Amino acid sequence: IKKAYKARALEFHPDRYSSGNSSNSNECDTKKQKQDAEDKFKLLGNALEILCDDFKRGLYDEGYDEDAI
């Protein structure tokens, strides 16, 4: 699980989507990509937290919503 998490975390890390010196047309796309990456990165972190904790994983496996855990 941790190996897969690290691979996906590197893929969606928000710092990979820095705006840099792009033109205005690309800047909007870059901001959206960065926001999407931040959202996915947060989801990955939450998933890792649940899957690595035996108690939380048990609750998730029983059907509890991840927001309630």
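This is a predicted model: local features need pLDDT of at least 70, side-chain atom pairs count only at pLDDT 80 or more; totals for chains, interfaces and linings use all residues.

Guide: Residues are numbered from 1 along each chain as its sequence is written, and side-chain values use heavy atoms, with hydrogens and water left out.

Visitor: How many salt bridges does a search of the whole structure find?

Guide: A salt bridge here is a side-chain nitrogen of Lys or Arg within 4 Å of a carboxyl oxygen of Asp or Glu. One of them joins Arg8 to Glu11, and another joins Glu49 to Lys56. For the whole structure, the search gives a total of three.

Visitor: What N to O distance is found between Arg8 and Glu11?

Guide: Both residues belong to helix α1 (residues 2-12), where a spacing of three residues puts about one helical turn between them. Helices are DSSP runs (H or I, at least four residues), numbered from the N terminus. The side chains of Arg8 and Glu11 meet at 3.2 Å.

Visitor: Is Lys32 buried or exposed?

Guide: Relative accessible area decides the class: buried is under 20%, exposed is over 50%, and partly exposed lies in between (1.4 Å probe, protein chains only). Asp36, at 31%, is partly exposed. Lys32 has a relative accessible area of 52% and is therefore exposed.

Visitor: What is the relative accessibility of Lys56?

Guide: Lys56 forms a salt bridge with Glu49, their closest N and O atoms being 2.5 Å apart. Glu49 counts as partly exposed at 44%. Lys56 is also partly exposed, and its relative accessibility is 22%.

Visitor: Which backbone nitrogen does the side chain of Asp53 reach?

Guide: Asp53 is found in the loop between α2 and α3 and is partly exposed at 30%. At the start of helix α3 (residues 54-61), one of its side-chain oxygens comes to within 2.9 Å of a backbone nitrogen. A polar contact is a pair of N or O atoms within 3.5 Å; within protein, one must be able to donate a hydrogen and the other to accept it, and residues adjacent in sequence count only if both atoms are side-chain atoms. The nitrogen that Asp53 reaches belongs to Phe55.

How values were computed
Helices (H or I, at least four residues) and strands (E, at least two) are DSSP runs, numbered from the N terminus.
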